[in-house]
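Biologist: I am new to this structure and would like to know what the labels rest on. Could you take me through some of them?

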Amino acid sequence: MESTNLSVPSEPIGAPLGGLMKPDAGKVEVNGRDVTGWSTNDAIAAGIGIVHQHFMLVPTLSVAENLVLGCEPKARGIVLDYDQAAQDVRKLSSETGLVIEPERLISDLSVGEAQRVEILKVLFRGARILVLDEPTAVLSPPEVRELWTVLRRLRDNGDTIVLITHRLDEVVDLSDTITVMRAGQTVARLKTAETNPAEIARLMVGREVSLSAGKRVQPLTRAVRADAGKGLSIQNLSVTGSRGIRVVDDVSFNVKPGEILGIAGVEGNGQTELIETIAGLRAVAKGQISIDGVEITRRSVANRHDAGLSHIPEDRHRRGLIMEYTVGDNLILGLQKHFSENGIIDRSRVMEHAMEEISTFDIRPPNPLLAARTLSGGNQQKVVVARRCRCDRVHPPAAPRRTSRGESNPPRQRRAQ
Amino acid sequence: MTASSAPIRGQKFSSAPPAWREHAEEALIPPLVALLVALICGDLLILSYGQSPAAVYRLLLEGTWGNAYGFGQVLYKATTLAFTGLAVSFGLRAGLFNIGGESQLAAGGFAAALTGLALPVGTPLILALPLCMIAAGFAGGVVGAVPAYLKTRFGAHEVIVTIMLNFIVLALLNWFIAGHLHVPETLHTPEIHAGVLPRLSDINPTFHGSAANLALIVAILVAVAVWFYLFRARGGYDLRAVGLQPDAAEYGGISVGRVWLRALTFSGVIAGMGGINYVLGYKHYYEDGFASGAGFLGIAVALVGRNHPFGVLLAAFFFATLSQGGLAIHAFVPKQMMDVLQGVVIIAVAMSVPEVTRVLRSARRRSDA
């Protein structure tokens with residue numbers, strides 16, 4: 001962040017558009033007290049609660065156990081008092097309207113419920129200032145409405161809420177004041193009642209934007225080549241998830257050559273599993289996957305790759321790149337076979353290939369010998385995208401937006417300029 | 001997506017320091033810092049015995065690198081440690097902790113001795129050595145393959161299985177020797193008929209009396225082969241990928257289970273081949289308990305050598321020096337001081353690697369900015 005001034009009076013819901021980190025300069029005050037340079041514990045003590053975008057819960061513990069983690073009620077000084085904990089949780093639950101059974105295990109909760117626990121957790125620690133980082137990214141519309149009701153109720157109780165989001169409708173819907181941030185700097189402070197989405201969008205981007213462009217459903221103008229049996233075909237696919245639950249249930253679709261298929265839905269409803277199954281990273285419980293009429297249901301990842309399938313994973317850090325490998329080595333991941341002879345990797349061809357892809361995809365810095373870890377997120381994503389089979393035709397990318405948060409990803413950037 | 005910038009082909013890389021220098025710094029500086037810490041601890045220990053650190057260290061150097069016999073003993077000890085260290089580091093590169101070096105080494109030595117006994121007297125070394133090595137590697141490989149199979153098939157943790165296999169294999173070997181194969185009144189086999197490796201003293205008489213033998217050359221060749229496999233072969237690319245990020249490796253079409261199987265089995269093969277140093281090079285028979293901790297010390301060697309084959313060679317040499325040096329200074333301070341020092345080095349490396357790496361990286365970022 002550059003210089004950002006953010007002041008939120010007690011009660012109103014304020015919505016800054018950006019993130020939070022330790023300050024290099026400037027100061028942070030809570031209720032007039034200078035709290036610059038504090039730790040997370042200080043923040044909790046001062047009544048600030050952060051609800052992270054990615055949940056920080058222990059999946060094997062119950063709701064009540066998660067809530068009291070770090071400040072457990074104790075009977076006779078040593079024994080954890082579960083009943084007291086459950087009772088405390090129920091009381092807080094009814095006060096706030098965040099209804100949840102304290103005995104349930106976190107791993108059994110839906111995403112929306114888990115988020116309720118996150119909010120309860122910070123309230124349980126006595127937070128009066130609530131910071132929510134992109135809370136709606138994982139929620140379905142009814143869950144979002146529920147969340148709004150709870151947040152309004154908290155505000156009416158006198159709590160301060162800082163909502164970090166990039167969705168204009170949410171900002172306008174819920175907030176009382178808005179702080180717009182761009183490139184780490186505060187560019188405007190507005191009263192929600194006196195502004196409109198177009199103005200906020202202009203401040204966010206720095207110039208006029210047409211808000212309707214992205215929303216219209218484009219009619220299909222190109223003729224899709226009707227090659228029968230060509231492309232990717234999924235028949236009655238079912239997948240069992242890690243906890244033995246059916247996560248993909250009897251899904252069928254066809255994607256023809258020259259076609260892009262979008263899969264809509266709230267995160268955590270089987271999309272990841274579907275994509276991973278198509279890519280060959282998960283076992284199929286039932287059904288068929290075929291490319292150009294050739295069945296690949298039981299084939300290995302490498303085999304599917306050769307059949308023309310390439311997969312851009314949702315999680316770049318875990319699956320997409322080997323962080324300690326050089327850019328050049330990462331660019332041949334999955335293509336090792338084509339870059340080696342008699343089991344020996346041809347280094348000069350690897351370098352040649354790397355230079356080619358670096359220039360085609362404008363990967364910076366243009367040095368194939370740097371570890372992937374040293375690249376910026378956007379450039380790491382370019383490496384992932386660049387690495388595809390030369391013969392491939394089917395790409396299932398999972399949630400591409402999430403992969404470069406805080407940094408516009410290359411295609412979007414181009415559209416915006 | 002199309003290229004928007006000027007073509008890079010033919011143009012020199014960016015002005016950033018070359019990646020290999022970064023690598024070399026991160027590989028070498030942490031162990032050196034650890035060594036420094038260990039030296040300071042050693043000073044304090046020696047002082048606590050009322051001796052002069054300078055005098056004791058001088059004695060240590062004279063007794064190890066200072067004369068041909070001492071140096072030969074260091075090389076002999078380093079040879080076994082190089083094998084077991086390479087074995088552990090090979091597994092670690094695939095993300096697997098092979099604690100079974102001790103029993104793999106013993107099984108390898110046993111197989112080498114059996115082969116040497118089975119061959120007719122007078123079999124030329126050029127034939128006997130490869131046969132004995134294959135036997136040693138095979139025996140170690142079998143011991144390594146068991147945990148590998150149990151891991152890939154049933155998900156059994158390799159640390160538990162390799163530790164437990166140590167007991168089973170060593171007990172089995174003891175039973176073989178004590179019950180069937182020993183020379184009366186001893187716990188060792190008869191002398192082998194073929195496959196005896198020349199000692200360094202046969203080539204250069206100044207090494208007279210020391211056990212150093214040509215297995216040293218074999219160890220260096222194995223290190224080179226491991227280096228080539230890890231960093232030049234496709235199998236090594238896959239193996240390191242699995243060790244660094246198994247999920248990414250799987251995504252890249254690498255069969256993680258198959259890599260595990262290969263890595264642990266070959267880790268056992270390398271440890272097993274270490275058995276030739278004692279059996280073919282030194283005693284010319286298999287003796288119960290000859291491994292005497294060299295398999296376990298391989299873990300420390302791999303750690304200090306930062307899992308790089310050449311680093312492992314250096315670390316093996318270092319640990320062998322400490323162990324031989326303990327004998328040289330025994331008159332002034334107990335030789336167990338060297339065991340303490342070994343422990344200090346291991347802990348110091350374990351601590352300094354993440355810490356020093358972090359400092360190096362943040363310093364680099366500052367100089368970039």
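Modeller: Helices H9(B) and H11(B) are roughly perpendicular to each other. This is a predicted model.

Biologist: What makes H9(B) and H11(B) roughly perpendicular?

Modeller: Helix H9 (residues 234-244) of chain B and helix H11 (residues 256-273) of chain B pack at an angle of about 105 degrees. Angles of 65 to 115 degrees count as roughly perpendicular, so H9(B) and H11(B) receive that label. Their axes are 10 Å apart.

Biologist: Which residues make the contact between H9(B) and H11(B)?

Modeller: On the H9(B) side they are B:Asp238, B:Leu239 and B:Val242. On the H11(B) side they are B:Val256, B:Val259 and B:Ala263.

Biologist: What decides the label of A:Gly70, buried or exposed?

Modeller: A:Gly70 has 9 C-beta neighbours inside 10 Å. A residue with 12 or fewer is exposed, so A:Gly70 counts as exposed. A:Gly70 lies in the loop between helix H2 (63-68) and strand E5 (74-75) of chain A. A:Gly70 and A:Arg125 are 55 residues apart in sequence, and their C-alpha atoms are 9.6 Å apart in space.

Biologist: How many residues does the largest nonpolar core have, and which have the most contacts inside it?

Modeller: The largest nonpolar core has 147 residues. Those with the most contacts inside this core are B:Ala82, B:Leu86, B:Ile270, B:Ile276, B:Val301, B:Ala316 and B:Phe319. Helix H3 (residues 68-93) of chain B gives the most to this core, with 12 residues.

Biologist: Why do you say that this core lies between domain 2 and domain 3 of chain A?

Modeller: Domain 2 (229-309) and domain 3 (311-417) of chain A both give residues to this core, so the core lies between them.

Biologist: What is B:Ala316 in contact with, leaving aside its neighbours within four places in sequence?

Modeller: B:Ala316 is in contact with B:Ala78, B:Leu81, B:Ala82, B:Gly85 and B:Val301. There is also a second, separate core of 27 residues, which includes A:Ala64, A:Leu67, A:Ile119 and A:Leu151.

Biologist: Now the sheet in chain A. What is the order of its 4 strands?

Modeller: The order in this open sheet is E12-E11-E13-E14, and the pairing is antiparallel.

Biologist: What makes E12 and E14 edge strands?

Modeller: Strand E12 (246-255) and strand E14 (294-295) of chain A each pair on one side only.

Biologist: How do you know that E11 and E13 of chain A pair?

Modeller: Two strands pair if there are at least two bridges between them. Strand E11 (residues 232-240) and strand E13 (residues 286-291) of chain A have 5 bridges, in the antiparallel sense. A:Ser233 has A:Ser290 in E13(A) as its bridge partner, and A:Ser238 stands opposite A:Lys286 in E13(A).

Biologist: And how many bridges join E13(A) and E14(A)?

Modeller: E13(A) and E14(A) pair over 2 bridges in the antiparallel sense. The cut-off is at least two, so this qualifies as pairing. A:Ile291 has A:Val294 in E14(A) as its bridge partner. The two strands form a hairpin with 2 residues between them, and A:Asp292 in the turn has a positive phi of about 50 degrees.

Biologist: Which helix lies across E11, E12 and E13 of chain A?

Modeller: Helix H8 (residues 271-279) of chain A does, running at about 60 degrees to E12(A).

Definitions and conventions:
Residues numbered from 1 in each chain as written. Chains lettered and ligands numbered in written order. Predicted model: local features only at pLDDT ≥ 70, side-chain atom pairs only at ≥ 80, totals over all residues. Core = buried A, V, L, I, M, F, W, Y, C linked by C-beta atoms within 7 Å. Buried ≥ 20, exposed ≤ 12 C-beta atoms within 10 Å, placed from the backbone. Domains from an automatic or database assignment. Contact = placed C-beta atoms within 7 Å. Axes fitted to C-alpha atoms, helices over the stretch in contact; angles between N-to-C directions. Parallel < 35°, antiparallel > 145°, perpendicular 65-115°, else oblique.
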